[in-house]
There are 4 protein chains.
Amino acid sequence: MIKAGIIGATGYTGAELVRILSRHPQVEVVALTSRSYAGEDMAAVYPALTGYTNLPCEDLTPEEVLERTEVVFIALPHGHAVPVAARALEKGVRVIDLGADLRFREAKTYEEWYKVPHANPELAAHAVYGLPEIYREAVRRARVVANPGCYPTSVILGLAPLLKAGYIDPATIIIDAKSGVSGAGREAKVTSLFVECNENINPYGVAGHRHTPEIEQELSALAGMEVKVSFTPHLLPISRGILSTMYATLARTATEAELRQVYQDFYAGEPFVHLLPPGRWPHTRWVYGSNNCYINLAVDGRTGRVVVASAIDNLTKGAAGQAVQNFNLMCGFPETMALATPGLCP
Amino acid sequence: MIKAGIIGATGYTGAELVRILSRHPQVEVVALTSRSYAGEDMAAVYPALTGYTNLPCEDLTPEEVLERTEVVFIALPHGHAVPVAARALEKGVRVIDLGADLRFREAKTYEEWYKVPHANPELAAHAVYGLPEIYREAVRRARVVANPGCYPTSVILGLAPLLKAGYIDPATIIIDAKSGVSGAGREAKVTSLFVECNENINPYGVAGHRHTPEIEQELSALAGMEVKVSFTPHLLPISRGILSTMYATLARTATEAELRQVYQDFYAGEPFVHLLPPGRWPHTRWVYGSNNCYINLAVDGRTGRVVVASAIDNLTKGAAGQAVQNFNLMCGFPETMALATPGLCP
Amino acid sequence: MIKAGIIGATGYTGAELVRILSRHPQVEVVALTSRSYAGEDMAAVYPALTGYTNLPCEDLTPEEVLERTEVVFIALPHGHAVPVAARALEKGVRVIDLGADLRFREAKTYEEWYKVPHANPELAAHAVYGLPEIYREAVRRARVVANPGCYPTSVILGLAPLLKAGYIDPATIIIDAKSGVSGAGREAKVTSLFVECNENINPYGVAGHRHTPEIEQELSALAGMEVKVSFTPHLLPISRGILSTMYATLARTATEAELRQVYQDFYAGEPFVHLLPPGRWPHTRWVYGSNNCYINLAVDGRTGRVVVASAIDNLTKGAAGQAVQNFNLMCGFPETMALATPGLCP
Amino acid sequence: MIKAGIIGATGYTGAELVRILSRHPQVEVVALTSRSYAGEDMAAVYPALTGYTNLPCEDLTPEEVLERTEVVFIALPHGHAVPVAARALEKGVRVIDLGADLRFREAKTYEEWYKVPHANPELAAHAVYGLPEIYREAVRRARVVANPGCYPTSVILGLAPLLKAGYIDPATIIIDAKSGVSGAGREAKVTSLFVECNENINPYGVAGHRHTPEIEQELSALAGMEVKVSFTPHLLPISRGILSTMYATLARTATEAELRQVYQDFYAGEPFVHLLPPGRWPHTRWVYGSNNCYINLAVDGRTGRVVVASAIDNLTKGAAGQAVQNFNLMCGFPETMALATPGLCP
């Protein structure tokens, strides 16, 4: 039994961690921290957890959390994870950070897009980007994992096989992504109100969303050259789910069957990533609440482009589920432990 | 390992059974029947099940199903379960029927409300009404279980403690219930279309819904006298969930605290039924995808009435989850096996 | 052309007033006040109004607004309207207050339920309760109109004919009401977030909602005796719409046809209130964005009760539309001016 | 007063026509045809129209409709409009066809994508493509108007200024479009059920949707060269609304300000098309129920691309509203008659 803590437990990602870990046979969650809800039971803040956790939310210092735990999940706004992670490393507590602080190999990329100085570039360089389908072995050995962003997870999994095998021209990649509202967190703000989101779709962060450099860092690594993408996120009237629809020009002639084989090979044996049969395009509700990523693709002979669509649950494979997947790898547990459930559908 | 079959597997209830049973360590599902989708893989009909079932949908005769199985779940429209159940009984295959055919002790009640003759009144009299919180011991010994309707489950669990203890006047019960659209099944009909249900609520079946006599049968048994209720269902723009709000005049003076104790005692040790703390009224999303039932109540001193609200997921505790709960009891497994998960929330 | 101002223009009710008045041929809106959005154009705050208003939001004093206007609509939180209304009365500016401050004939009822002292009981006694179907002639002559609450509008219109004609026992009235989220206003709070409201229904304010005394005041006046009701509101995942389902025991035997005739007579000639044909129960989306109220009823012979359902759009007939209806009456315009549009459906 | 008929009145587009025409002061609707609902009142099929139409749905022959009318709106599935339109032309009845039959200048394009022979290529060549912002003068003189598809309307309005002025490379256009479910019509089919669409987004018709050639025909005309596009539609859990997000590589260096000016000039004086201010990206709910089209754009200096987003209501500007706009032009009425209403928002 591993003793784990969640720092920032009362956001949606924190609650999803508690939900998933409640069925993990090898974890004992021993600390839930929260400023806003300190003193309340977690099950009072999230009544769906009634009977699945007896823990209170506490306003603990990092030091207090690290005293109790062997692994900490950090679910804080960007900028707050670095000191906690650094101290954890010193104390031998393993870290899975669900924020952006440690995702960039180059601190200056972070600084450019997040508009704040990076507190510890060395630590960032040391952290492993926690996308198991790409970095599984590194994750197994990691002391500090930077859990990927939700959009990047859906995009990288969708494009990796094509980029790696050189089938597409990296200069032509366009990503049109759509996310449910839980991605905006539980903060009380007008733009997340039911009435503002319902019966609506809108683009946001056009040509400037902070997930762009994270996507580009990883796609560049896969392509072996610098990749710049057009990335446009949209807000959808759903609670959970991300669909990324991606377009690129084929770098060489290829049939759809050939590309399908590339995906089959790339993801052979992967427990969570599924290329769907021809014509069955991903629906986000098929992965609702699960750690799965569903992908499909088509070659458009008329335009010489390939279209790829990839669906995940932003809170699960896009955040807490992937964090537990990384946790399992770091601890030597079966990778699917606590995660082997189908999407809740219908 | 018990070999189980699902007759009528491609409706929403059937799919929910497959989802739940996919994580049941003591069940092997060996037959899924469907007319509409015969020959297709279940995972093609419900792609969320990709990786969790390899079974095809087959257009099997009951006899063929019974050959393969030790337990059958029947998820057919009313009127079709009786011959299957009768034959199963002869062959020693245990039956859990999720339809209405076997829920009534008096066949004439069924005939009056469902407007068809009952094919086998004797069998109906023999079946156990599968609400474990009321009939647990009988379910354990049952060969044929009539799984309760979704609305009746929410209503009976909400009112049982008060009726049993004689706190309310049975002549004054009013039930205002609200259900998600999955309760209408997967049949292609205009009234279930997205555009017809979205941004809407409407009453239906006013003063004539078929769950009325089922509710009355069970409330009468609890009250020890004939009970007639006003029952009005409403259609909500949600996929899953039932909320029943219930009103009754107190038969004798009682404080809220006193009534809360009655519920605590009645449901002491129940794994799925939770009385929430004062003021925390049930939200259906808190039980989303779970087998839980959340209840709360208030005494209104101004009117001398008690108000009770009860929330379940209509496909889980209101159908497939409760069926698996009954299955566990019938087979001697722990009652919560495959069902011990919190609601998917947020 | 009447010069009108809206005090508190950037809440949902204020925006709905601007929308409706934008098509009113006899009104010139000359002032929109807002603290939060002072200096911004109204069309920047509500881009749907682009091309329909050029006004900025201004942080004006009441005095400044009254200088410019002949009529003011007040859409402020309770407690803030009284001084504005009093001053308007002195200056000869007519007032339509959409809040609760002036709805109660007895200031002590207000004080008891709103937990604040009433600033001007005399003014409240002077104001006309602006439900035109009941108080049309008084509204025509009014200088100050207290626009009814959204729930009370749906309830009073639904029960008035029966109470007035003495068909139901006033001691048995139970009201189960359901509202869209816009009723909670545009304030940024966690309970109004998309993720908290979506795929959900929950009761709130059980046995204590502030619309209860308003309902009781008006039902008592109709019944000619003191009426106390059980009133339970629920929050629905829709933007607009209220459905009230109401139950009462018949005070004397009556057929449904007889009761239907009572409604037909009561609402004969009413432009906005429609009794639907037998069996066609109101859907809130049928009145979406319109000033209509749709009603239906059934007599339940088994229980001796009548069930009535009434649907309105909470922002239109439940607030801004009714305010314009009152405005039309006060100014001598045709009552339906700017309001004669069907619900936006599908 | 023009006598008008609607052939195929009970689909969503037909109902929207009735809704809009109910407030048109120069139209008398005299015929509503329907097979499925013949004999029922239109207000029974769409109760939101109660009080706004007294017409029954009739199973009339085209000849019978043409006898009564001066203009007919045809809202039938593709393949059925041609004979009606041809006969109308002979009888001097003007035609606005909301289907695809007459949208293509080349019948063989139609035949290739719709997989059926075209019944009257000459008539198709004769029809005017009814996008007033591009073909206003031709529409004024037209006897037969082919009302554009919903997706093409949003796309063409979004890209026309850039293509016309030669700012983008036509070979690089990628269109990622998202539509509400009403676009799928009122047909009872599983894929349009609430439970199948709710909490979901999915692509469909990838690299093969029938609106592709219609988009290409019009973009080619604007560009003065053959244009092929990647067009991917998606299904959204909203009733109404289309958002098209479009990407293209700049053909020459241009600032965002320069491009904004191009749009301002192109749409100067247009009553329905609005370029929003910088950074205010279109939300579909802002045009809900209105005939407006909201557009915004950004230049992405990093990639050399321009991103354009365009929002309409698919039933209004994307179908019935645009049809009435064309009707107004054909009849010499003010173009905005019956259409000058803001979006219903909140």
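In this predicted model, 100% of the interface residues of chain A are also interface residues in chain D, so the copies meet through the same surface, where contact means heavy atoms within 4.5 Å. Local features are given at pLDDT of at least 70 and side-chain atom pairs only at pLDDT 80 or more, while totals for chains, interfaces and linings use all residues. Residues are numbered from 1 along each chain as its sequence is written, chains are lettered from A in the order in which they are written, and side-chain values use heavy atoms, with hydrogens and water left out.

Two copies of a chain are related by a rotation about an axis and a shift along it.

Between chain B and chain D, the contact takes 18 residues from chain B and 19 residues from chain D. The area buried there is about 1,700 Å², of which carbon and sulfur atoms give 64%; buried area is the accessible area (1.4 Å probe) that two parts lose on being put together, summed over both. Leu193(B), Phe194(B) and Val195(B) supply 38% of the area that chain B buries against chain D, more than any other three residues.

In chain A, six of the six residues of strand 7 (residues 174-179) are buried, that is, under 20% relative accessible area with a 1.4 Å probe and protein chains only. Strands (E, at least two residues) and helices (H or I, at least four) are DSSP runs, numbered from the N terminus. Ile174(A), Asp176(A) and Lys178(A) point one way from strand 7 of chain A, and Ile175(A), Ala177(A) and Ser179(A) the other way. Strand 7 of chain A runs parallel to strand 9 (residues 230-235) of chain A, joined by six bridges, and pairs in the antiparallel sense with strand 10 (residues 242-249) of chain A, also over six bridges; pairing requires that DSSP finds at least two bridges between the strands.

In chain C, six strands form an open sheet with parallel pairing in the order 2-1-3-4-6-5. Strand 2 (27-33) and strand 5 (128-129) of chain C stand at the edges, each with a single partner strand, so one side of each is left without a neighbour in the sheet.

Methods
Buried means under 20% relative accessible area, exposed over 50%, partly exposed in between (1.4 Å probe, protein chains only).
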